[in-house]
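The entries below follow the order in which I went through them.

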Amino acid sequence: MRTAYSVETVRAAERELMARLPDGALMQRAAAGLAAACADLLVRVYGSRVVLLVGSGDNGGDALYAGARLARRGAGVAAVLLAPERAHTGGLAALLRAGGRVVGAGTAAGAAASVGVGAVEEAILRADLVVDGIVGIGGRGGLRPEAAQLAACAAESGAAVVAVDLPSGVDADTGEVRGAAVRADLTVTFGTHKPGLLIDPAREYAGSVRLIDIGLRDVLPAAAELEALQHVDVARLLPVPGAESDKYRRGVVGIAAGSARYPGAAVLAVSGALRGGAGAVRYVGPAGDAVVSRFPETLVSDQGPAKAGRVQAWVVGPGAGDDASTVAEVLEADVPVLIDADGLRLADRDAVRARSAPTLMTPHAGEAAALLGVAREEVEGARLAAVRELAARYGATVLLKGSTTLVADSGGGAVRVNATGTPWLATAGSGDVLSGLAGSLLASGLSALDAGSAAAYLHGLAGRFASDGAPAGAHDVAEAIPGAWRDVRD
């Protein structure tokens, strides 16, 4: 499992570790890891051209010391000092001793005058590698104009861009990007991941991420800000039937979905549930004929959720139209309930908060925005804040769908982030499949947090397997779920 910690927690851990180490040892560890990552990217260090974009503070110091290591290996290293009077003294001295140079340095307060933009742009455009050491993890807001100009030049240069700890201009704690920011091909981060490296929109600015161990692991707290499950973590969660299992021990999930207008939503939700390991699926709704014709093993009822028979979890909402009464009836059930699609709009917030059994809500950004009463862009730009706010308002576990899916519990704790998805999952009905899959895992006995996290992981993998770089529909995604399941368990 990958974990991410807030800036405040990382800073505290760094202080504790530095108190145990010789002066400067922590920065040297970071610089060594950064230099090694840059060398791997360059392949041939000797004769390569490297430009360091250096801000004030330790982030710039890491870049300067790494640049010195590359210069000693024969690279031509030039440093651009955005604040010459506040550049890291030891790092700059090390770079100059190693044969590096400073480009366009001056003492004027204005950036254009201080860095000599013409000379700097020429150096960047000729570079093989640009190292972003402008702003560290404590930065807030987008880049200032002078730094933004350099970031734009780096993007145009064709050089590989390596960010130090975090791309400058993105928010380390939230993943928000409020203005211009560096777009990196590789981010070399130290000690632990930061939330902004795992959450969009910031994640897409980070490129590939390489974690360098500098010794923080032993001083970081057990409780992280963010968790990203991996194959082994999901494998531990997935239910496996035993010799004495029957359909009830495996879990029976109820699906209250579909309408005359959207019968396919019911079919797709049922398909996700059946392929998600449910022992049986009970369907309630007007699309019974369509469901049985596709999945004859489905137990269909026309008596409503309360009289449908025994279930261990309900899924309600996909394609439900305006059937508020069915949504309300499902919310009264004393079993875990997943609310999706139209159900999110129809569910009464007080009724959700009053439930004693677990509730899992699965909105996409537009639905989350409607529930929060804000613009969709606000949710997409601040996904972590949005999922936490929704979980708190509804007293439910919330799975916020998107390029990075987030799952937050109402009681707080680490937010789960999943990045197995693919843009090919942005297709009609894909969310219905996810709802059925997550509902089956709820019925098997997983918590809402674990069911949502494992379902998002499997659904993302299934999307990749189904598309393989080509268009695929929701039905194809459902068909690929068993393959994703096997891949995780193997």
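**Entry 1, a parallel pair.** In this predicted model, I looked up strand β10 (residues 252-256) and found that it pairs with strand β11 (residues 280-284) in the parallel sense, over five bridges. For I255 I noted Y283 as the bridge partner in β11. I then turned to helix α13 (residues 324-331), which packs on the sheet and touches β10, β13 (313-316) and β14 (337-339); the direction of α13 makes about 160° with that of β13.

**Entry 2, the whole sheet.** I traced the strand order as β1-β9-β18-β17-β16-β15-β14-β13-β10-β11-β12, an open sheet of 11 strands with mixed pairing. At its edges I found β1 (2-4) and β12 (299-301), each of which pairs on one side only. The twist from one strand to the next averages 20°.

**Entry 3, strand β17 and its two partners.** I asked which residues of β17 (residues 405-408) are buried on each side. I found T405 and V407 buried on one side and L406 and A408 buried on the other, so that both faces of the strand are covered. Strand β16 (residues 397-400) runs antiparallel to β17 and is joined to it by three bridges, and in this pair L400 has L406 as its bridge partner in β17. The hairpin of β16 and β17 has four residues between the strands, and there I noted that G402 takes a positive phi near 160°. With strand β18 (residues 415-418), β17 again pairs in the antiparallel sense over three bridges, and the partner of T405 in β18 is N418. The hairpin of β17 and β18 has six residues between the strands, with G412 at a positive phi near 85°.

Leaving aside neighbours within four places in sequence, I listed its contacts as D165, K194, L197, V209, R210, L211 and I212. With one of these, D165, the side chain of T189 makes a polar contact, side chain to side chain, at 2.8 Å. I also noted that the C-alpha atoms of T189 and V164 are separated by 6.4 Å, although these residues are 25 residues apart along the chain.

Notes. Residues numbered from 1 in each chain as written. Predicted model: local features only at pLDDT ≥ 70, side-chain atom pairs only at ≥ 80, totals over all residues. Heavy atoms only, no water. Contact = heavy atoms within 4.5 Å. Polar contact = N/O pair within 3.5 Å; in protein donor to acceptor, adjacent residues only side chain to side chain. Pairing = 2+ DSSP bridges. Axes fitted to C-alpha atoms, helices over the stretch in contact; angles between N-to-C directions. Buried < 20%, exposed > 50% of the residue type's maximum accessible area, 1.4 Å probe, protein only.
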